[in-house]
Structure formats: C-alpha cells, structure tokens
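Here are my notes for you to read alongside the model. Have the sequence and the 3D view open, and take the points one at a time.

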Amino acid sequence: ETEKTAYNRVMLKISGEALMGDQGFGLHPPTVERIAREVQSVQEMGVEICMVIGGGNIFRGLQGSAQGMERTTADYMGMLATVMNALAMQSALEGLGIHTRVISAITMNEVAEPYIRRRAVRHLEKKRICIFAAGTGNPYFTTDTAATLRASEMACEAIFKGTKVDGVYDKDPAKHDDAKRYDKITYDEVLAQHLGVMDASAIALARENSLPIVVFSLDADGGFKGILDGTGTSTVVSD
Ligand code: UDP
C-alpha cells in the first residue's frame with residue numbers, strides 16, 4: 001500500500017448503464033472489465049469496497065409500468081436486472097483474482113448469498129468485495145437508496161457515485177458551456193434545487209446518517225483511484 005487515502009471502507013454506486021459501453025442496451029463485458037480494474041486499483045490501496053450496481057441497462061420498473069405493466073411486478077424485474085449486472089461484475093473482478101461475494105436482497109441461494117449484515121461485514125474485513133444486488137428488495141425504491149442503505153449498514157465513510165460527469169453542475173454541462181461545477185454542496189441544496197444527484201429518498205437517508213456522497217466521473221481511466229487519493233475532481237454532497 002504505497003498510495004495514501006483517508007478512506008477505509010467505501011460504497012461505489014454505478015448505474016446499470018455504466019456497464020453497457022457504447023451499446024444502447026445490456027452488458028458490454030470489456031466495459032465491465034474496465035470498471036473492475038478501477039475497483040482493483042482502489043482495493044490495492046487497502047480500501048474495503050462495497051458496490052451497488054443499478055439495472056437500468058436491462059430493465060426499469062417505471063418504464064415497464066408506463067407501458068401497462070403492474071408497477072410492483074415491473075420493479076421486481078428491475079431488481080432481478082441488478083442481479084445480472086452484479087454477476088457480470090463478480091465475474092470480471094474474479095478474472096482479476098479478486099475475491100467477491102454477490103449478496104442479494106431477494107433470496108436466491110443458488111445464485112447469490114442472502115443478505116445478513118454481520119456476514120457481509122465479515123467479508124469486508126477479509127477484504128472481499130461485497131456486491132449488493134436486488135436493490136433494497138422492495139418495489140418503489142431505487143438502487144441509489146439501496147446503496148445509501150447498505151453504505152449506512154456497513155458503516156462506509158462515503159458513497160462514491162460514478163457517473164459520466166465529474167461532479168454536480170448547476171445545469172447540464174452537456175448542453176450549457178457555462179455550466180458550473182460545485183466543489184461542495186449540501187443535501188438541502190441538492191433537494192431544493194432538484195439537482196439530479198440521486199433521488200430524494202436516497203438524499204434524505206444520506207442526510208439523516210451524515211453519509212457524504214462523492215460524485216465523480218468513471219469515464220476516465222484512474223478516475224476512481226484519483227478521487228480516493230485526492231487528486232481528481234468531484235463534488236462532495238454533505239451537510
Ligand atoms: N428497484 C426496486 N427496488 C430497489 C431497487 C431497484 O424496485 O430497491 C427496481 C426499480 O424498478 C428500478 C430498477 O430496479 O427501476 C433498476 O434500478 P435503478 O433504476 O435504480 O437502476 P440504475 O438507474 O441505477 O441503472
């Protein structure tokens with residue numbers, strides 16, 4: 001462990017879309033592998049890592065229900081999509097020789113471990129990467145809320161939200177040249193200004209548990225490590 005970081009245990013949240021590469025749908029294994037290497041470089045700093053991966057590259061409950069599906073059924077399908085993504089990430093990490101566990105909020109013992117908090121903590125202590133799948137296990141929630149919940153339960157020091165942009169802006173930087181990135185912003189400002197960092201229930205839960213959310217870009221190689229060693233750009237959401 002040559003590089004220094006202030007963090008001992010972190011949550012990495014990525015959307016399902018981060019895994020689809022340039023495709024419009026599904027999984028792109030080379031992209032999954034690239035992100036796995038990002039995770040590896042942070043693990044090599046001695047950091048214990050939790051992960052939550054969304055499912056939007058495969059299925060979103062709201063989209064299904066907008067097309068006439070029963071909402072809760074559609075949400076369960078979305079949760080199952082996150083399990084597929086978690087397995088793809090597990091496979092990529094294990095290809096790099098990293099020990100992992102996929103821990104599902106919906107029991108499916110043949111595929112993933114059930115979620116037992118103390119057991120998950122033990123995995124982390126043994127430096128296994130815990131990939132929390134199936135969201136919170138409840139419809140009407142998102143994987144952002146799942147990431148916040150598990151990060152709180154695992155006593156992570158922060159949630160790192162890997163996105164396409166290097167932080168939170170006052171307006172969409174893809175559309176406005178004069179968009180300004182915040183170095184820091186409060187939970188209340190994010191909620192009041194409807195900045196799309198995470199959904200409101202996730203932000204509120206993070207605020208209640210004083211869990212900082214670090215928004216950074218996962219597109220550049222070395223991006224995740226750069227945030228942990230303090231050299232990269234990001235926006236920190238906190239009190
Ligand atoms: N989902 C759910 N409960 C949860 C987490 C997720 O019902 O606790 C469902 C929901 O339908 C959601 C889908 O799973 O649309 C995929 O998750 P999400 O949209 O958060 O994925 P992302 O946008 O991060 O790829």
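Which residue in E9 is the bridge partner of isoleucine 213? Keep that in mind until point 3.

1. First, some housekeeping. This is a predicted model, where local features need pLDDT of at least 70, side-chain atom pairs count only at pLDDT 80 or more, and totals for chains, interfaces and linings use all residues. Residues are numbered from 1 along each chain as its sequence is written. Helices (H or I, at least four residues) and strands (E, at least two) are DSSP runs, numbered from the N terminus.

2. Start with the sheet. Nine strands form an open sheet with mixed pairing, in the order E4-E3-E5-E2-E1-E6-E8-E9-E7. E4 (113-114) and E7 (184-186) are at the edges with a single partner strand each, so one side of each has no neighbour in the sheet. Two strands pair if DSSP finds at least two bridges between them. E3 (residues 100-104) pairs with E4 in the parallel sense over two bridges, and isoleucine 103 stands opposite glutamate 113 in E4.

3. Now look at E8 (residues 213-217). Four of its five residues are buried, so the strand is largely enclosed by the rest of the structure. (Buried means that 20 or more other C-beta atoms, placed from the backbone, lie within 10 Å of the residue's own; exposed means 12 or fewer, and partly exposed is in between.) E8 runs parallel to E6 (residues 158-163), joined by five bridges, with glycine 162 opposite phenylalanine 216. E9 (residues 235-238) runs antiparallel to E8, with three bridges. And the partner you were looking for is valine 237.

4. Among the buried ones are Asp144, Leu149 and Arg150. The buried residues of H5 pack against E1, E2, H3, E5, E6 and H7, where contact means C-beta atoms, placed from the backbone, within 7 Å. Just after H5, alanine 155 takes a positive phi of about 55 degrees.

5. Finally, the ligand. There are 23 residues around the ligand, and Gly54, Gly56, Gly61, Gly78 and Gly135 come nearest.

Terms used
Near = placed C-beta within 6 Å. Contact = placed C-beta atoms within 7 Å.
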